[in-house]
Every structure is written in C-alpha cells, then in structure tokens.
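Have a look at the structure below, and then we can go through it together.

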Amino acid sequence: MNVRRLEVLFALTLVLMMYIYPLAIVGLWLLMGELPEYREAIKRSLIVFIASLPLYGAKIVLGISGWSRTLGITPVETSPAVVSTVHVVFLVLQFLSLYFLYRALSRMSDDTGAEMLKTGGLMLLVAIPLHFVAITAYFVATWLGLVLIIYGLEQAVGHG
C-alpha cells in the first residue's frame, strides 16, 4: 500500500467532490485501481456516483448549485417540489456513493487497525445531511473527514 499515493487520491477525490463534482469520477476510478482488495466497495461507490451525475446537471439548471451563478446560468423555473426532489435524490445518491467508500475505509480499518479511517469515513457521511443546515457545515465536515482519513492512512503504515 503506497500511503502517499492513497492520501493524494483520497484528497483528490474529496476535493473534486466538493468543488468540481463530476471530476471526482477520476479520483474514484484511480482509488479503485490502487486498492484492488477493496475494489468491490469502491466500484459500487463509482456506480452510484455516475448515477448521480444527471441530477448534478439538473441542480445546475435549476439554480441549486453554486455553479449556476459561476457559469451565469439563469435557473429554469419550476415548482419547489421538483427542486426539492432533485436536491434530495441527488444528496441520497451522494450519500450512498460515500457510504460505499466508507465501507472500503471500514474494511481497511479492520485490516490495519487504523480506527481513524472509519471515523473519517463517518464524517463524510455526516457531511451530507449538513447540506440542509448550511453549506459551510458540509464543507467543514468533509474537510475534517479528509484530515481523519489521511491521519488514518498514516496509522495504517504504523500497523502494516
């Protein structure tokens, strides 16, 4: 296990997921190749992530993504029910994608004794519902999860 490479790949995946969502597919794909023993869980994460991409596009078109303003897209007018449904279903799929990533981290934690991997993965799962509270809370929880994952990977080296 090349810990530095894994740290970079987890950082790449999560930073892209927070800021340029569709490109996180690259990080997940690379993680799947780097961690063959956890490939099934990461593959499931990737599949659910891909399923969420059309909804991410819909979020931009509906104006519920920061990218709408950045790209200067005038939101499509629709009912609040449609907006809420798109947002909730997207977050459910994002949660599921991160859940499968958490399962890989949990198994890695069990294999190495590095408990911070599980804790970091749990922080990623906690971050998703925080989207409804405040976007800042989502970012703080995701960054904290990433720091804990990196710390857990460092622990794994000590136990590996």
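On a 1 Å grid over the protein atoms alone, a cavity is a set of points where a 1.4 Å probe fits but cannot get out, whereas a pocket is an open set with protein on both sides within 12 Å along at least five of seven lines; a lining residue has an atom within 4 Å of a point. Grid points are joined across faces, edges and corners, and a volume is the space filled by probe spheres set on the points.

Please keep in mind that this is a predicted model, in which local features need pLDDT of at least 70 and side-chain atom pairs count only at pLDDT 80 or more, while totals for chains, interfaces and linings use all residues. Residues are numbered from 1 along each chain as its sequence is written, and side-chain values use heavy atoms, with hydrogens and water left out.

**The chain as a whole**

The chain has seven helices and zero strands; helices (H or I, at least four residues) and strands (E, at least two) are DSSP runs, numbered from the N terminus. The radius of gyration is 16 Å, close to the 15 Å that the globule rule gives for 160 residues, so the chain is as compact as a globular protein of that length. Here the radius is taken over C-alpha atoms, and the rule is 2.2 Å times the number of residues to the power 0.38. Along the principal axes, the C-alpha atoms fill a box of roughly 55 × 25 × 25 Å. Of the 160 residues, 43% count as buried, meaning under 20% relative accessible area with a 1.4 Å probe and protein chains only.

**Cavity and pocket**

A search of the whole structure finds one cavity of 30 Å³ or more. Ala, Val, Leu, Ile, Met, Phe, Trp, Tyr, Cys and Pro count as nonpolar, Asp, Glu, Lys and Arg as charged, and the others, Gly among them, as polar.

| Space | Volume | Lining by class |
|---|---|---|
| Largest cavity | about 30 Å³ | six nonpolar, one polar, no charged residues |
| Largest pocket | about 370 Å³ | 11 nonpolar, seven polar, two charged residues |

The largest cavity is lined by L14, M17, L98, L124, I128, Y138 and T142. Two or more of these lining residues come from each of α1, α6 (115-133) and α7.

Around the largest pocket there are 20 lining residues, and K59, S65, G66, H131 and I135 lie nearest its centre. The elements giving two or more residues to this lining are α1 (3-19), α3 (39-62), α4 (66-71), α5 (80-112) and α7 (135-159). Which element gives the largest share of the pocket lining? That is α4, with four residues.

**A closer look at α1**

N2 caps the N-terminal end of α1, with a side-chain oxygen 3.3 Å from the backbone nitrogen of R4. This is a polar contact, a pair of N or O atoms within 3.5 Å; within protein, one must be able to donate a hydrogen and the other to accept it, and residues adjacent in sequence count only if both atoms are side-chain atoms.

Among the buried residues of α1 are L14 and M17, both of which also line the largest cavity. A polar atom of the T13 side chain lies 2.8 Å from the backbone oxygen of L9.

Methods
Buried < 20%, exposed > 50% of the residue type's maximum accessible area, 1.4 Å probe, protein only.
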